[in-house]
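Opening the notebook on this one. I'll jot down what I look up as I go.

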Amino acid sequence: MRMPNHLSTVLATATIALATAPAAHAGEKAAVVIPPPPAGKGQIVFYRTGTIVGSAMGCSVNENGQKISSLGSGRYFILVTTPGRHEYTVKSEAKDTLALEVEADETQYAMCKIKMGIMAGRPDLAPSTQEAFVKAGTDRLVDADDMGPGPGALRPDEVAAAVSASATTTPSK
Amino acid sequence: MLLLHSGVCIAQVSVGAGGSAIVSLDRQATTATSSVETASPCGRCIPALTPVSLVVDSALGSAISKTGQVFQLHLASSIVVDGKELIPAGIKGTGEVVWAKRAGGSGAAGELVLAARTLDFGGRLIRLRSMRVAIVGKDAIGTIDAINAGAAAAMPVASIIGFAITGHDVVYPAGSSAAAKLAEAFVIDDGASAPAAAAVSGSASVAPPASAPASPTVSSPAAKDAVRQPTTD
């Protein structure tokens with residue numbers, strides 16, 4: 001049976017909206033608190049938006065061939081590391097790399113997107129900003145058992161402890 | 001132009017301001033700073049983390065720059081301590097392209113990460129950090145997702161068009177301004193010797209003692225350079 005033109009148009013529009021919209025509204029979520037890195041260290045917040053496209057794909061972040069953490073759709077993790085140049089890779093059907101200059105006592109942001117591939121989506125790692133992280137509305141930490149074995153990714157309890165510690169030492173504004 | 005107190009180094013400590021849905025507690029993530037005085041042994045020095053304004057001298061971009069490439073820059077505004085210009089505007093320096101990746105297929109955008117390394121002050125190198133230029137072009141991944149979603153409902157073979165769509169490269173034109181910070185305190189002199197700044201700036205005058213009244217600041221022509229923002233093509 002042939003589908004009426006207007007019905008197929010509505011169906012396609014709805015599919016596009018569903019596929020490209022974030023999974024939830026950022027404005028309705030609780031504030032995400034990023035604690036400062038330990039003194040003398042820098043940190044990078046790796047995050048991924050919660051779009052439905054590519055949500056089944058993994059986006060594991062690696063350094064020097066060692067996995068630091070998985071990064072599922074709508075998740076983020078905080079990597080504490082030494083200042084200097086660091087090169088991170090994400091890999092599935094194809095590999096993508098990003099190098100960042102980590103600065104002591106500062107936080108940087110990197111975002112993983114899943115772009116179109118032949119057999120499966122391809123992760124794309126790119127520099128980002130705090131503003132983009134806020135706009136993305138990503139608010140779920142990666143689960144502890146999805147982190148490692150490479151060092152540096154803060155487990156949820158470590159993030160909570162760091163936030164608590166910084167709240168007691170940071171003067172309120 | 002940067003105005004700093006003399007006599008002691010002012011360690012600048014800042015607390016990041018929170019966004020609507022995120023609170024960043026970085027020690028020095030923003031330019032909103034509160035000053036904390038710490039004693040310094042140097043007579044006249046510029047403290048670590050002092051913000052500096054730079055201008056990139058050559059065009060850089062995700063498609064035209066190479067990772068590891070060294071580029072030239074210069075100090076846009078002089079650094080003035082207690083009314084005395086210690087570091088003149090215009091001194092040359094270098095930066096490094098930490099990462100450059102041109103835009104690619106499937107909507108991937110170009111990426112460019114820059115770092116300021118040093119300023120050359122009469123043969124002495126002032127180490128820099130925190131240039132914070134990590135820019136990415138506009139990607140087309142969302143567009144391709146939309147095409148694919150539409151194609152899935154109408155004509156699946158059309159989704160192959162997504163491979164041919166590239167993102168945009170990012171361009172950082174010559175003359176672009178960038179902020180950075182001193183990586184470590186830079187000692188002009190120990191308070192007893194003649195200031196090196198005088199030799200570099202061509203002035204024969206000796207800096208007044210720290211208790212002297214602040215002299216009027218001099219605007220740098222370089223500070224009036226047009227500020228250009230990175231663009232995507």
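**Entry 1: chain B overall.** I'm working from a predicted model here. I started with the surface of chain B: the accessible area comes to about 10,400 Å², and carbon and sulfur atoms hold 60% of that. Then I checked burial, and of the 233 residues in chain B, 45% count as buried. For secondary structure I get 2 helices and 18 strands in chain B. I also looked at contacts in chain B with a separation of 6 or more, and 71% of them are between residues 24 or more positions apart.

**Entry 2: disulfides.** How many disulfides does a search of the whole structure find? I get 1 over all chains. The partners are Cys59(A) and Cys112(A), with their sulfur atoms 1.8 Å apart. I looked up the angle about the S-S bond too: 105°, a right-handed link between Cys59(A) and Cys112(A). What does the pair tie together? Cys59(A) sits in the loop between β2 (42-48) and β3 of chain A, while Cys112(A) belongs to strand β8 of chain A, so the link joins parts 53 residues apart in sequence. Are these cysteines buried or exposed? I find Cys59(A) buried, and Cys112(A) buried as well.

**Entry 3: the sheet that holds β8.** Next I followed strand β8 of chain A, residues 107-115. Strand β8(A) pairs with β9(A) in the antiparallel sense, with 7 bridges between them. Opposite Cys112(A), I find Leu125(A) in β9(A). Stepping back, I count β8 and β9 among 5 strands of an open sheet in chain A, in the order β9-β8-β2-β5-β10, with mixed pairing. Which strands stand at the edges? They are β9 (122-128) and β10 (140-141) of chain A; each has a single partner strand, so one side of each has no neighbour in the sheet.

Entry 4: I went back to the loop with Cys59(A), which runs between β2 and β3 of chain A, and carried on into β3. Strand β3(A) covers residues 61-63 and is joined by 2 bridges to β6(A), residues 84-91, with the two running antiparallel. For Asn62(A), I noted Thr89(A) as the bridge partner in β6(A). Strand β6(A) also pairs with β7(A), residues 95-102, again antiparallel, and I get 8 bridges there. One partner pair I wrote down is Arg85(A) with Glu101(A) in β7(A).

Terms used. Residues numbered from 1 in each chain as written. Chains lettered and ligands numbered in written order. Predicted model: local features only at pLDDT ≥ 70, side-chain atom pairs only at ≥ 80, totals over all residues. Heavy atoms only, no water. Pairing = 2+ DSSP bridges. Helix = DSSP H or I, 4+ residues; strand = E, 2+ residues; numbered from the N terminus. Buried < 20%, exposed > 50% of the residue type's maximum accessible area, 1.4 Å probe, protein only. Contact = heavy atoms within 4.5 Å. Areas by Shrake-Rupley, 256 points an atom, 1.4 Å probe, with all protein chains shown as cover. Disulfide = S-S within 2.5 Å.
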